[in-house]
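Please find below a colleague's note on the structure shown here.

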Amino acid sequence: MGDEISVRHFEAVDYSRFRRLLEEETDHVTRLFENNGFSTRGDIVGFELEACIVDETGHPKGINKDILETIDNPLVVPELSEFNVELNGSPCSLTGRVFSRLHDELNTTWTACQSTAQANNSKLVQVGILPTMRRDLLNSTHMTDMVRYKALNDRIIGMRDGADIKLEIEGREKLTLTHEDVMLEAATTSFQIHLQCKPHRAVRDFNAAIALSAPMVALSANSPYLFGRDLWAETRIPLFEQAIDIGERHLQRVIFGSSYAQDSLCEIFAENRLSHSILLPFVQPEPINKYAHLRFQNGTIWRWNRPLIGFDYDGQPHLRIEHRVVPAGPSIVDCVANCAAFVGFVRAMSRLPYPIESKIPFQSARENFYTAAKLGLDASIVWTDGKQVPVKELILEDLLPRANEALLAEEVPEEEIERFLGIIRDRVSSGQNGATWQRKWVDTHGPDLALLTRAYGERQESNEPVHTWDTK
């Protein structure tokens with residue numbers, strides 16, 4: 001769904017043509033799986049970072065078009081609302097100082113964006129939900145001027161027969177409201193981690209990502225406030241799921257998933273065709289081996305762990321996992337530490353003598369995820385063999401030591417591992433992730449969310465990890 005489309009309104013014939021092409025491409029990609037036709041390069045890491053634009057007072061400012069035109073960088077692209085931009089990273093092989101390379105490029109892009117924003121009397125903030133986001137700003141007036149977003153909104157509201165979207169989130173406080181369009185989703189910003197897989201272990205990598213979603217969302221939670229209410233540690237999770245609700249008659253589009261993969265990630269693409277309605281039947285003049293319609297359909301189904309088909313520099317198709325559970329921020333170095341943790345955890349799971357999915361039922365993985373999103377580092381989850389364990393203990397005593405060994409085996413230098421996994425260790429030991437820091441700040445200063453946003457932004461620009469931030 002990252003590419004623009006040229007058509008906003010579709011006819012019945014468009015759905016028929018799209019469905020036929022989707023079926024043909026799914027059959028073609030099934031043979032690609034059966035014949036081991038995917039790139040074997042694998043273990044390549046990338047990311048997408050979504051950020052909010054705020055004015056000098058810390059409130060949203062809808063000038064992404066001005067920033068994008070000025071910076072003119074293909075790594076910086078629009079997002080759903082005028083208040084957001086997305087920063088992308090160049091893929092890096094999992095070897096050597098991989099995380100430092102990712103950090104340095106992201107920091108360079110971020111600095112350029114900040115300079116451009118400051119010239120427009122604004123700044124960028126990376127946070128799961130901007131504390132100052134107001135409901136009255138989340139409407140089509142402030143939607144980025146791209147056809148695909150308008151068409152998507154039309155289709156989702158149409159599938160709901162025009163009914164308003166209902167939002168109901170209960171955490172420390174409760175929030176209930178109705179909204180007329182999908183722009184609630186624009187309040188959520190994330191740091192999406194991409195891991196290109198070697199085909200022979202793609203199933204284990206994907207299933208590991210599912211099982212690891214709970215500890216990842218717990219250690220990275222950074223979205224406690226929405227419209228002035230203190231809700232979940234990572235409120236972005238229920239907000240995104242409910243903002244794209246397409247009605248009771250249809251399988252939902254923002255989902256944890258229906259099961260682990262069994263024999264092949266092809267199962268996910270088959271499910272996309274058979275079980276999910278077509279949202280946007282945008283027909284493209286691409287050859288069948290580009291999988292344009294299969295990839296477009298996949299792009300309108302937002303699994304928290306989503307398999308993707310892409311292409312290497314030489315055109316060979318590859319498989320990668322998009323891990324979507326991690327929020328933006330709190331700082332550049334925190335984002336890259338989260339990336340190192342995810343990659344290290346997944347690589348550690350692939351080194352186990354048994355598949356992790358054989359020890360943690362899918363239903364437990366799902367329940368773990370929502371428990372951890374709600375409670376953050378205070379959560380306890382069900383781990384292997386049905387044992388309940390505090391998520392902090394699991395991360396510190398099990399996952400981090402295993403990740404350290406796994407990254408060493410990938411020839412990542414010890415000092416590189418210590419730099420980034422050490423941030424995760426110290427964050428979890430202190431109990432201070434982005435969500436807990438925001439709540440501590442409010443406990444100290446009161447519920448002035450504009451002042452909170454400015455204080456957060458000042459600390460973010462130091463690029464010091466969040467566990468070192470004070471609340472003075």
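How are α10 and α12 oriented to each other: roughly parallel or roughly perpendicular?

1. This is a predicted model, in which local features need pLDDT of at least 70 and side-chain atom pairs count only at pLDDT 80 or more, while totals for chains, interfaces and linings use all residues. Residues are numbered from 1 along each chain as its sequence is written, and side-chain values use heavy atoms, with hydrogens and water left out.

2. The axes of helix α10 (residues 332–350) and helix α12 (residues 391–409) cross at roughly 85 degrees and come within 8 Å. The two helices are therefore roughly perpendicular to each other (angles of 65 to 115 degrees). Helices are DSSP runs of H or I with at least four residues, numbered from the N terminus; axes are lines fitted to C-alpha atoms over the stretch in contact, with angles from 0 to 180 degrees between N-to-C directions.

3. In contact (heavy atoms within 4.5 Å), A340, V343, G344, F345, R347, A348 and M349 of α10 meet I395, L399, L400, R402, A403, A406 and L407 of α12. By class, this contact of α10 with α12 has 11 nonpolar, one polar and two charged residues.

4. Two cavities of 30 Å³ or more are counted; a cavity is a set of points on a 1 Å grid where a 1.4 Å probe fits but cannot get out, and lining residues have an atom within 4 Å of a point. A volume is the space filled by probe spheres set on the points.

5. The largest cavity has a volume of about 50 Å³, and its lining includes F206, F256, R303 and N305.

6. The second largest cavity, with a volume of about 30 Å³, is lined by E79, L80, N84, E185, A186, T188 and T189.

Notes: 1 Å grid on protein atoms, 1.4 Å probe; cavity = no way out; pocket = protein on both sides within 12 Å on 5 of 7 lines; lining within 4 Å. Parallel < 35°, antiparallel > 145°, perpendicular 65-115°, else oblique. Nonpolar A, V, L, I, M, F, W, Y, C, P; charged D, E, K, R; others polar.
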